[in-house]
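Me: Please take a close look at one helix packing in this model. Keep it brisk, and give the cut-offs as you go.

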Amino acid sequence: MDQEIQLNQRPSQREQQQEEHGATAAMPPQDDERQDHQAAAAVHGQGGGGGATAERHHRSKLTLLPLVFLIYFEVAGGPYGAEQAVSAAGPLFALLGFLGFPFAWGVPVSLVTAELAAALPGNGGFVVWADRAFGPLAGSLLGTWKYLSCVINLAAFPALVADYLGRVAPAVAVPGSRARTGTVLGMTVFLSFLNLTGLSIVGWGAVALGFVSLAPFVLMTAMAAPRTRPRRWAARVKGRKRDWRLFFNTLFWNLNYWDSASTMAGEVERPERTFPRALAVAVVLIAVSYLLPLMAAVGATDAPPEAWENGYLADAAGTWLSNSALSMAL
């Protein structure tokens, strides 16, 4: 019975195939010509404008050096703000903290960031990680908390820069003055517009800003090296107990936000290779940029730890410059 059904179906299947073949043969040649023309146009586009577009897209990807400095400014930005660690616990603990904390805290977090950013190379970063692991509610909460944390944290930097500029222009250091308000507002507006220019420009801008911001500390360290006395690194805080809360808060504030770089993973060229290398270089660069200026400033001055406040590194550098100018004049 089954064989008879199969035999009865075979002619109909053959007729159906013949009808489909006939319909295909009856297609007008214009369709084939149109398809050939579209294929040729696609090939031409890849060799011409499409190739240029792909090349521009390739160039817009972040490479190793811009990513290193973007991570550097996400986490640190220079030894600015490290002075309070010296006043809180003394120079020895400050040096040990900035030597060990980047590796005890920064290395594990950067390894996690590198692994997850390479596995999920999108711009969602830590929000995507929390969403994948714990669900959309956790991802939404993490994104909200991180946003609020970044807003509060970033608001401190223009004021910190104003404190340093106040060493050169005293009017900027006066709280509530027009000069200080204008400095903070102008810096905020400038950096906001810079971020709107695109990640590629921001990345190379971070490289330029990194060299500009680190150059004074390189010069300061070189000038202080002949005057450095290691015994000064062991100076104690006199007259009061060590403020461990301020000490650890200062370390954490200066060496946090390693995972923020994950929100750029979708813009990085070959993230599986670039991210681990960039994070490794950034850990060393950040540790050195804090440690060497502090070693130089502490070892070359006799100021007590209580004198270390925001902007003291600028005061120390100004003292050495004036002394060097006086020595050259004599």
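Reply: Helix H4 (residues 64–75) packs against helix H14 (residues 271–299) at an angle of about 50 degrees, and their axes are 8 Å apart. That angle makes H4 oblique to H14. Angles under 35 degrees count as roughly parallel, over 145 as roughly antiparallel, 65 to 115 as roughly perpendicular, and the rest as oblique. Axes are lines fitted to C-alpha atoms, for helices over the stretch in contact, and angles run from 0 to 180 degrees between N-to-C directions. Helices are DSSP runs (H or I, at least four residues), numbered from the N terminus.

The model is predicted: local features need pLDDT of at least 70, side-chain atom pairs count only at pLDDT 80 or more, and totals for chains, interfaces and linings use all residues. Residues are numbered from 1 along each chain as its sequence is written, and side-chain values use heavy atoms, with hydrogens and water left out.

The crossing of H4 and H14 is right-handed (the near helix is turned clockwise from the far one by less than a right angle). H4 brings Leu64, Leu67, Val68, Phe69, Ile71, Tyr72 and Val75 to the contact. From H14 come residues including Phe275, Arg277, Leu279, Leu285 and Ser289. Contact means heavy atoms within 4.5 Å. The contact residues divide into 14 nonpolar, 2 polar and 1 charged. Ala, Val, Leu, Ile, Met, Phe, Trp, Tyr, Cys and Pro count as nonpolar, Asp, Glu, Lys and Arg as charged, and the others, Gly among them, as polar.

Residues 278–298 are 100% helix and 0% strand, with end C-alpha atoms 30 Å apart.

Asp302 lies in the loop between H14 and helix H15 (312–329). The C-alpha atoms of Asp302 and Arg229 are separated by 9.7 Å.

Note on methods: Helices (H or I, at least four residues) and strands (E, at least two) are DSSP runs, numbered from the N terminus.
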